[in-house]
Every structure is written in structure tokens, then in C-alpha cells.
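Let's work through a few exercises together, each with its solution laid out in steps. Have your viewer ready and try each task before reading on.

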Amino acid sequence: MNSTLPPFLQATSGALGSAVGNAIVYPLDLATTRMQNNARRPHHERLNLRDTLSHLLSHNDYLSEIYSGIGADTLSTLLSNFIYFYTYTSLQKGLHVWHTRHPIIPPQNTHQHGSVSSSPAGIGGLASKASEILPKPSQPTALEELLIGISSGLISKGITLPISTVCVRQQIENDTYTDTDEKDTKKDMTLLETLSTIYQESGIQGLFSGLKPTIPLTLLPSLTLYIHTVLVRLLLPARHRTHPPAGLTFLLGAVSNALATIPLYPLVLIKVLSQSGRDKGKNKHKLGMLETLVKIIKRGGIRTLYTGLEGQLVKGLVQQGVMMLVKQR
């Protein structure tokens, strides 16, 4: 993410790229959320990705169905990514300033037959250059980059978590109806109406449902960007790393998202289940992450933790690829 652009422009480009990618894959995102919400059901009652999409398209007003909740989801995507990229870039530039003010002084080289130090211009046959003896700004370490990513993720996801909860509720609110006529008579709630309903059901805690799994999930954006950077360095020649071809940018962005998502996916599932609102009520006991994991495994085995993974991967392949492509442009 090294760039000479101001943080505001980087944040805007990243947010717009994410919103474009999100709009392209939104029907797939809706189907994935519904698959994740049905992870509590026995395996034989759960639909796969193809059947879930077919079910969505079978309704008379299928366009309205497959884009239900897109307003809240787009708003959440825009705000979350703008805050993330702005915070990440600002912290990164601040860290660069700190390293510039605290440079590393290279050790002085000596001759094998004496203690005379090398001269800046190589006078007298000494081979040093000025750049080899002047203080150099140190580069951010991997740990510093990781901490910047985690901090940016905590800030962005923490601020936008209520909107994310609204999005999940709107995506699954019609999924519980098996009678099409009954569902068609139900009026879709606006973002503010859904916020009010969640607050009445569970208070502030309900608006921030899924906060616990969200904290470790803040690793996902920074892990994705780190893997993307590694892939660029490994697969591209130096002359193409600054401005790689559009096709490679899309492909590497998609692959890096998939590699980062798979190990963290059970937390994505737990977050959606927490935000679904099944355990309603301010005084109802809510299971912790570990308890939820154990309960899911006991009910359907390890594979249940990866319910909806195929949809999440395909969605991430397109969304992350488009985001990196638009952001680069």
C-alpha cells in the first residue's frame, strides 16, 4: 500500500473500489449470508450455493429479492473501507515520519590492513559511497505493518458494526418464510427502522452483535494485503511491481483474499450467526465464541464450520479483485 497519494485519496479510491466490487457480487453475498444463517439446521436441510441462488431467482419479483438489503450493505462497505484505508495510510505515513526522524546509522567499514574508514566519494581507492555511510530511514517491520492493519480494522469495523448488523438482518428477514404469499405481503424495513427494531429487541448490545469475532477478523484485511504484497514480489518482475497489468492485479487480489479467508472463515460464520438475531432479548444468555464453535461442531461436525465457504470465496475473488483494480486506477 505504499503510495505518494494523500490518505484521503487512497481511502476514497479503496472505498469506491470495494463498493463497485460489492455491487457486482451482491446476489452472491445475499445467498452466502442465508447459507451461513442456516448452519444451525441439519446438513440434509441446508441448500448449497447453486440451490440457494435458484431459490432466490424463483420468486416473481426476483430482482427485488436478490438485492434486498443492498443499501445498508453498500453504506457499510463504503464507510468501513474508507475508514480502514484512511486510518491505515495515515498510520503508515506517521510511522514513515518516525523512522525518518530516527534513522539507522550504518556501521563504519574498515580495511583489512588498517582502521581507516571509507571516504564518501571513494577517494584514495576506497570503494564506499556517500549513501553507505549516511544515516538511512529504517523500513517498517512486519510486526509494525500487522499492528497498523489490526488497529485500522478495529476502528473501521467497530464504527460500522451496527450497519453491518442491519445488513445481515435485512438479508435474512425474508428467508424464514416458506409461504411466498405471506412473504410478499411483508413490508421491507428501511435501515433506520431495522436499527430501531434491533435496539428495541436487544439494546445497544444487539447493535454490536458479533463484536467478539470481529476483533480477530480485523486480521483479514491486513493479512490479505500482506499476501498480495508477497505475491507481487514473488511473481512479478521489478519493472511491473509499481504498475502491474490490470489482469494480474485482479488475479492477485482475488487469490490473496482467498488465501486469507480460508483459515479465518469459522469466525465469519460465527459473526453472521451472532448478528442474525435468533437469540433475541436483552436478558437472554448469549453464547461465547468457543461455546458457539463447540455447539456447531457437535451438531454437524467440522464441515459445518465452513457452511457457505464456496460463496464467500467466489464473492471474495471478484470483490477483492475489482477493489484492487479500481483502487490502482
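**Exercise 1. Locate Gln36 and find out whether it is buried or exposed, and which residues it touches.**

Step 1: Gln36 sits in helix H2, residues 26-37; helices here are DSSP runs of H or I with at least four residues, numbered from the N terminus. Before going on, note that the model is predicted, so local features need pLDDT of at least 70 and side-chain atom pairs count only at pLDDT 80 or more, while totals for chains, interfaces and linings use all residues. Residues are numbered from 1 along each chain as its sequence is written, and side-chain values use heavy atoms, with hydrogens and water left out.

Step 2: Gln36 counts as buried because its relative accessibility is 2%, where buried means under 20% relative accessible area, exposed over 50% and partly exposed in between (1.4 Å probe, protein chains only).

Step 3: Setting aside neighbours within four places in sequence, Gln36 contacts (heavy atoms within 4.5 Å) Tyr265, Val268, Leu269, Val272, Leu273, Thr307 and Gln312.

**Exercise 2. Describe the largest cavity and its lining.**

Step 1: A cavity is a set of points, on a 1 Å grid over the protein atoms alone, where a 1.4 Å probe fits but cannot get out; lining residues have an atom within 4 Å of a point. Grid points are joined across faces, edges and corners, and a volume is the space filled by probe spheres set on the points.

Step 2: There are 2 cavities of 30 Å³ or more, and the largest has a volume of about 1,000 Å³. Of its 39 lining residues, Lys157, Leu220, Gln312, Lys315 and Gln319 are the closest to the centre.

Step 3: Helix H7 gives the most to this lining, with 8 residues. Other helices that each supply at least two include H1 (7-24), H5 (70-101) and H15 (309-328).

Step 4: Sorted by class, the lining has 12 nonpolar, 22 polar and 5 charged residues.  Here Ala, Val, Leu, Ile, Met, Phe, Trp, Tyr, Cys and Pro count as nonpolar, Asp, Glu, Lys and Arg as charged, and the others, Gly among them, as polar.

**Exercise 3. Characterise Phe85.**

Step 1: Phe85 belongs to helix H5 and is buried, with a relative accessible area of 2%.

Step 2: The C-alpha atoms of Phe85 and Ser152 are 7.6 Å apart, although 67 residues separate the two along the chain.

Methods:
On a 1 Å grid over the protein atoms alone, a cavity is a set of points where a 1.4 Å probe fits but cannot get out, and a pocket is an open set with protein on both sides within 12 Å along at least five of seven lines; lining residues have an atom within 4 Å of a point.
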